[in-house]
Structure formats: C-alpha cells, structure tokens
Amino acid sequence: MSASVLFERRGNLALVTVNNPPVNALGQSVREGLLEAFRAAEADAQVEAVVLLCTGSTFMAGADIKEFGKPPQAPSLPEVVNAIEACAKPSVAVIHGSALGGGLEVALACHYRIARNDARVGLPEVKLGLLPGAGGTQRLPRLAGVAKALEMIVGGAPISATEAQRHGILDELFDGDLLAAGSAFAQRLLAEGRGVRRSGEQPVADAGEAAALLDAKRAEIHQRMPGLFSPLRCVAALEAAVQLPLAEGLERERELFRECLASPQRAALVHAFFAERQAGKVVGLAADTPTRAIASAAVIGGGTMGVGIALCFANAGIPVKLLEIDQTALERALQRARDTYAASVKRGSLSEADMARRLALLDGVTDYAALAEADVVVEAVFENLEVKRQVFERLDAVCKPGAILASNTSSLDLDAIAAFTARPQDVVGLHFFSPANVMRLLEVVRGAQTSDTVLATAMALGKRLKKVAVVVGVCDGFVGNRMVFQYGRESEFLLEEGATPEQVDGALRAFGMAMGPCAMRDLSGLDIGLAIRNRQRQSLPPQFPLPRVLDKLCEAGLLGQKSGAGFYRYPEGSRTPQPNPALAPLLEAASRERGIARRSLDDRYIVERCLFALVNEGAKILEEGIAQRASDIDLIYLNGYGFPAHRGGPMFHADQLGLDKVLARIREFHAEHGAWWQPAPLLERLAAEGRQFSDWEAGQ
Ligand code: 3H9
C-alpha cells in the first residue's frame with residue numbers, strides 16, 4: 001500500500017488515513033493509496049463500513065497543484081472518486097481543517113460526511129482558473145441545490161461547517177477526536193441499518209429553478225468578470241448536472257476541466273498561488289530565525305494612511321496607539337477611524353459588536369511617552385526626510401529596547417531614516433498601500449542594517465495583519481512605485497502622442513487592469529507628485545524628457561475627482577468618469593509644446609508601451625537585487641496595482657509572451673522614443689539564452 005495512505009482494520013471498521021504533509025494534497029501516491037484502501041475494504045469480509053480521515057492540520061486540500069501542466073499519472077482523481085462512491089460498504093469522511101477542491105470531492109463521494117465544528121469546506125478551483133474536475137460540479141448540486149453550488153463553485157470561497165451542514169453537504173458536526181467521532185458515527189450507521197447512500201444517485205433538488213439561476217449567473221459573470229475563462233465553464237458544468245444523467249454529466253465536466261487546464265489563465269493563476277507562498281521564503285533568512293513577540297503597536301500620524309494602518313492592527317486584535325500632534329488633529333483621526341468602521345457596518349461587512357471591539361483597541365495619544373512600551377511603531381507622517389528625522393530621533397529616545405521602528409515611507413531612503421537612530425538594526429520599512437485597511441500588499445523594506453530577527457518579525461506580522469508581505473530592497477520607490485512611474489510616464493506620453501484618456505484606460509482595462517491609469521490619476525489627484533516631477537525635470541539629463549500633460553491639467557485647475565474634473569468630468573460629486581470636453585485643447589497644447597504631431601494609436605500599441613515599460617524596469621530591479629525573484633514583483637503588481645490575476649503579473653506575462661519578443665518590441669520603442677527605453681541588461685541576457693524571468697534567482 002502507498003506510504004501516504006494507511007489502511008487498518010479495527011473490528012468491523014476499515015480505517016483509511018491519508019498522511020501526506022503539509023496539506024494532504026491528492027498527489028499520485030495518495031490517489032493510488034485511496035484506490036487500494038477502498039478495494040481492500042471491499043475485499044475484507046469483516047469490514048462493514050469505512051472511515052476516511054487525515055493526519056496533520058487539515059483534511060485534503062485538493063488535487064496536487066504542482067502536478068498541473070505535467071503528464072497525467074494514473075490513477076486519475078475522477079477514477080478514485082468514482083471508485084469510492086461505488087464501494088458497496090458505507091463510508092464516512094471525517095473532516096477537520098479544510099476540505100477543499102478535490103478533497104471535498106473525495107468527501108462528496110463518501111456516503112456520509114461529518115466535520116469538526118471549526119472545519120471549512122469549499123471548491124476553490126475557479127481561483128486557479130479551473131473547475132472542480134472530480135465530480136464536484138455533479139455531486140454538490142445534488143446535495144446542496146444549484147443555487148448554493150453556483151455560489152460555491154463560481155465564487156470559490158469556502159464556507160463554515162455549520163453553513164455546510166445547513167445546506168446538506170455535511171451530516172453532522174462534532175468536537176474532539178477525529179477517529180473517535182468517525183468510528184462512533186460509523187457504528188451508529190450500522191446499528192441503525194443505514195447503508196450505502198450515493199450523492200451521485202440523488203436528484204438535483206431545485207432543478208426546476210435551475211435554468212433561471214444559471215442564466216442569472218452567466219449574466220453576472222459577463223458583467224463582473226469579463227474575460228475570465230473558467231467561471232462560464234463552471235456554469236456549463238452545473239448545467240450538465242441538471243440536464244444529464246450522472247455518467248454523462250461527469251464526462252462533460254471532464255471535458256470542461258481539460259479546457260480550463262490547458263488555458264493560459266490557469267497557468268497564470270497557479271503561478272500567483274505559488275508566488276504568494278514563495279514570497280514568505282526570504283533569501284538569506286533561515287526558516288527558523290527567531291521572531292519578537294508583537295503584543296502592542298503604535299502608529300504615528302493620523303492622516304488617511306496612518307489611520308488605515310492603525311485599523312489593520314485593530315482588525316488583527318492588536319492594541320494600537322495612534323499618535324497625532326495635538327488634540328484637534330487626533331480627534332479628526334479618530335473620527336476617520338470611527339467613520340470607516342461605521343461604513344463597514346452599514347455595508348453589512350462588520351457587526352456592531354466587532355466594531356466596538358476593534359475601536360476599544362484603538363487609543364489616541366498626543367505624547368510620545370505613551371509609546372514607550374509598544375512592540376512595534378509605524379511612522380506614517382509627511383514624506384520629508386527632515387520630518388522623519390524628528391520622528392525617529394524621538395522614537396529612539398522613548399521606545400523600549402527591542403521595539404521595532406518601522407517607516408511607511410514610499411520613496412525616501414530607509415537607510416538614511418535608520419541612521420537617525422542609535423539602533424538601525426531595529427528599523428525596517430513597512431510600506432502599506434492606500435487604503436491600508438483594504439489593500440493586501442505590504443512591501444517589507446530590508447534596510448542595509450535591518451537585523452534578521454526584525455525582518456522575520458515584520459514578515460510574520462504581515463501575515464497576522466492578513467497582508468501579502470513581500471521583501472524589497474532600498475531604492476527610490478522600492479519595487480511597486482519605481483515600476484509604476486515608468487507605466488504612468490508612458491501612459492502620459494501616449495496622451496501627448498495622440499491617444500485620449502478613454503482610449504488609454506479602455507485598452508488597459510480590456511487587458512484586465514482593474515482601473516486605467518488616467519482614471520487612477522484622477523482618483524489620487526493630479527497634483528500629487530507635482531513637486532517631485534519638477535525636481536526630476538531639473539535633475540534628469542535632457543535625453544530623459546518628462547511628459548507635460550499632467551502639469552497642463554493642474555495649471556487649468558483640473559486636479560481630478562477632488563476638483564470635479566481631471567482627465568474626466570465628475571459632475572455633482574459623482575465618481576463615475578465622464579468625457580471632459582475641456583481636455584482636447586490641453587492635450588493638443590501639450591503635444592505642440594513637445595513638437596509632436598498627434599496620430600492615431602491602436603490598443604495593442606498602448607498596452608505594449610505601458611506594460612513593457614513595467615517589464616523593462618522590473619528586469620533592472622531584479623538584477624539589482626531590489627526584488628528577490630520575478631514572482632515577488634508579480635505579487636506586488638497583483639495585490640497593489642490592480643494587475644489582473646489571470647495574467648499572472650507583469651513578469652510572468654512577459655515570460656508567457658517570450659522574452660525575445662518582448663525585447664524586440666522594447667528595442668523598437670528604444671529606436672522610436674529614446675533613452676527611457678534602453679533595454680535592461682538582464683532582459684537582453686535572458687532573451688539571448690532562451691531563458692525566462694522565472695528561471696532567475698538573485699545571484700545567478
Ligand atoms: C483541485 O482540487 C482540482 C480538482 O477539482 C480536480 C482534479 C482532477 N497542492 O497555503 P499554505 C502547499 S485544485 C500542492 O502556506 P495555510 C503550499 O504550496 C486544488 N501544494 O498553508 C505550501 O507549500 P510550501 C484546489 C499545496 O495553512 C504548503 O502547502 N485546492 C496545495 O496558510 C502550505 O500551504 C485549493 O485551491 C495543493 N493543493 O493554508 C486549496 N495546497 O510550504 C489550496 C497547499 O512548500 N490551498 N499547498 O510553501 C490552500 O488554500 C491553503 O494551502 C490551505 C492551507 C487553506 C489548505
């Protein structure tokens with residue numbers, strides 16, 4: 001029998017235990033082991049029922065994602081699942097932790113399912129660009145109805161054991177020992193004469209309403225997830241469950257699953273899944289590096305960013321002091337915090353009780369002495385080195401030894417900030433993205449002297465705050481903003497060359513970006529960065545010109561949403577962009593000033609100019625070691641900049657296109673537009689060697 005699946009007969013029960021750390025994924029050896037174990041149970045005359053359970057922290061978390069894209073190895077999961085359901089002796093799945101994807105499909109094939117109270121079950125395949133391919137789309141609607149199955153399979157979010165029981169997915173919940181609960185349940189089944197009960201043989205309960213439900217879901221997908229490959233196929237598979245007998249429905253599911261498996265979106269989403277796990281592995285940091293306990297926090301500065309950061313701590317159950325310079329500013333900051341929570345309560349995403357609990361963790365202060373005992377302090381004050389100096393000198397004076405002193409700076413030199421203290425080893429960057437309580441990305445900036453312990457603690461803290469924490473090195477703008485500067489600049493050049501904001505935004509949205517760069521500029525304010533642009537204009541050599549279009553708009557008082565108009569108009573406080581008729585003469589003037597004859601540009605050209613600017617800068621960032629690996633850059637773009645997950649991130653996208661092709665276009669842009677487009681040496685090297693960004697690790 002396979003080493004990953006243990007079979008034991010105890011009295012009249014067969015105990016089948018899956019043991020494949022860390023998450024009992026259904027790799028080849030587990031599939032084979034399950035098949036053999038159920039055969040053995042069937043063949044053993046003394047076995048009257050089968051109890052299936054898992055070791056470790058969780059039930060099976062699904063198919064082994066690492067096997068996707070490789071040649072299939074028998075037995076397939078559908079084969080295993082069908083054999084489990086066909087078994088002539090009743091079986092019970094005993095679920096703890098998470099039963100996800102193929103894991104839940106195995107459980108659905110068992111004749112009964114019980115779960116520990118704190119378990120979760122779900123079919124998250126859609127998040128990997130797939131659909132449940134081992135009977136999930138056929139068996140779940142038979143147990144829970146089409147409405148619930150659509151929600152779980154197209155949405156992909158797991159549900160609690162209690163909810164699953166309410167919808168007929170689970171039979172019973174228990175607390176305590178898995179084996180004891182499973183054995184007792186099986187004995188009860190036998191005593192009560194309840195035998196085999198196959199999910200696949202049950203009718204779909206709400207089949208009569210299915211057509212309307214399926215149509216409504218298709219309409220919702222067209223509206224909310226245009227361009228995604230797998231959600232519509234999930235619906236098609238559920239339609240098959242309603243219209244076809246089980247065997248044919250399973251066949252149809254298989255076909256649709258294979259289509260998804262072969263799609264580039266699946267590859268991109270799986271890349272994103274592993275990128276997130278990989279980011280936690282920090283180069284040069286041992287996995288067992290000790291971390292410091294974080295029981296309390298403080299945030300300096302009660303602006304939008306500071307308040308958002310303070311809410312992150314409160315949301316994670318960590319008491320946090322919020323420091324402002326005086327009582328008036330403090331009251332304004334605390335009101336902002338209360339308003340943010342109140343809006344969540346109004347939306348229904350937070351209960352009154354949770355709001356009260358979180359607000360109780362937030363303590364407004366105006367005196368630095370109140371920060372003396374904080375385990376971590378995050379500074380979120382004005383982006384000016386002199387202001388930072390004053391803050392860090394005071395922190396150095398009042399904070400206890402061992403406190404982590406973090407800066408939320410988005411552009412200043414972290415090493416210079418660390419040098420304002422006598423403990424640079426305790427200084428780290430925690431670069432949150434606005435709104436900090438919503439955005440998942442956290443750039444963890446490793447300064448030249450940041451200690452391993454402080455870095456490991458910052459990464460662990462990121463996880464606790466439910467952030468995607470990515471380590472970056474010190475440079476202007478770190479990874480995300482340094483790259484987005486290139487992207488923004490190209491989008492503005494395109495406006496000066498002949499494109500309209502509608503065209504630039506439309507082309508990038510059609511590619512999948514959550515928002516176009518012009519609408520994004522309007523949201524953040526066109527005057528943001530004005531001073532930086534003026535500084536850059538003076539310091540950059542003449543071969544690196546900057547676009548003028550933003551300045552033209554600012555001069556005309558078009559500052560974006562806050563002034564009612566920018567690239568677009570926002571009449572009467574509306575947030576929906578509408579065409580701005582005042583824009584055309586300003587764009588024409590900007591083109592004239594740069595001596596450019598406006599021309600028509602196609603969407604593909606627009607997308608390539610903006611995206612390849614990201615890729616070229618990303619390659620420089622990689623070679624400089626500012627990012628540890630290409631997938632970290634992708635993660636930053638997926639979680640902080642609205643890059644579409646089904647494209648995998650800018651570096652993965654470039655790998656998919658082929659670096660030789662990307663380089664060829666960059667060379668053309670270089671010839672056409674000059675120095676900004678100088679190809680990155682790493683890109684040239686990898687393209688010449690036929691390699692990809694994903695092959696490249698720092699130091700190679
Ligand atoms: C599927 O089932 C298709 C079928 O319908 C049809 C087939 C025909 N495979 O997340 P963590 C690794 S599609 C391989 O940090 P947590 C992960 O990479 C699948 N490896 O832990 C990491 O490795 P490392 C549908 C996997 O406690 C380690 O396990 N299922 C898999 O924060 C720990 O992971 C899903 O989409 C896997 N399936 O969260 C569920 N899962 O240590 C995906 C994890 O080397 N998994 N690993 O970096 C999860 O959502 C979370 O891992 C889970 C645990 C909630 C289970």
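Predicted model: local features only at pLDDT ≥ 70, side-chain atom pairs only at ≥ 80, totals over all residues.

Tutor: In it, the axes of helix H11 (residues 264-279) and helix H25 (residues 630-640) come within 9 Å and cross at roughly 110°.

Student: Why are H11 and H25 called roughly perpendicular to each other?

Tutor: Angles of 65 to 115 degrees count as roughly perpendicular. The axes of H11 and H25 cross at roughly 110°, and the two helices are therefore roughly perpendicular.

Student: Which residues of H11 and H25 meet?

Tutor: H11 brings His271, Ala272, Ala275, Glu276, Gln278 and Ala279, while H25 brings Ser631, Asp632, Asp634, Leu635 and Leu638. Sorted by kind, the residues of this contact are five nonpolar, three polar and three charged.

Student: What makes H8 roughly antiparallel to H9?

Tutor: The axes of helix H8 (residues 210-224) and helix H9 (residues 230-243) come within 10 Å and cross at roughly 175°. An angle over 145 degrees counts as roughly antiparallel, so H8 is roughly antiparallel to H9. On the H8 side the contact is made by Ala210, Leu214, Lys217, Arg218 and Ile221, and on the H9 side by Pro231, Leu232, Val235, Leu238, Glu239 and Val242. These residues divide into eight nonpolar, no polar and three charged.

Student: What is the order of the strands in the open sheet of eight?

Tutor: The order is S12-S11-S10-S13-S14-S15-S16-S17, and the pairing is mixed.

Student: Why do strand S12 and strand S17 stand at the edges?

Tutor: Strand S12 (362-365) and strand S17 (468-472) each have a single partner strand, so one side of each has no neighbour in the sheet. On average, neighbouring strands of this sheet are turned by 25° against each other, direction ignored.

Student: How do you know that strand S16 and S17 pair?

Tutor: Two strands pair if there are at least two bridges between them. Strand S16 (residues 441-445) and S17 have five bridges, in the parallel sense. For Val445, the bridge partner in S17 is Val472.

Student: In which sense do S7 and S8 pair?

Tutor: Strand S7 (residues 120-122) and S8 pair in the antiparallel sense over two bridges. At least two are needed. Val121 has Ile159 of S8 as its bridge partner. These strands belong to an open sheet of three, in the order S5-S7-S8, with mixed pairing. S5 and strand S8 (159-160) are its edge strands, each pairing on one side only.

Student: What lies across S5 and S7?

Tutor: Helix H3 does, running at about 90° to S5. Strand S5 (98-100) and helix H3 (102-109) each supply at least two residues of the shell around the ligand. 25 residues surround the ligand, and the closest are Ala61, Gly62, Gly101, Gly102 and Gly133. By kind, the shell has 13 nonpolar, seven polar and five charged residues.

Conventions
Residues numbered from 1 in each chain as written. Axes fitted to C-alpha atoms, helices over the stretch in contact; angles between N-to-C directions. Helix = DSSP H or I, 4+ residues; strand = E, 2+ residues; numbered from the N terminus. Parallel < 35°, antiparallel > 145°, perpendicular 65-115°, else oblique. Contact = placed C-beta atoms within 7 Å. Nonpolar A, V, L, I, M, F, W, Y, C, P; charged D, E, K, R; others polar. Near = placed C-beta within 6 Å.
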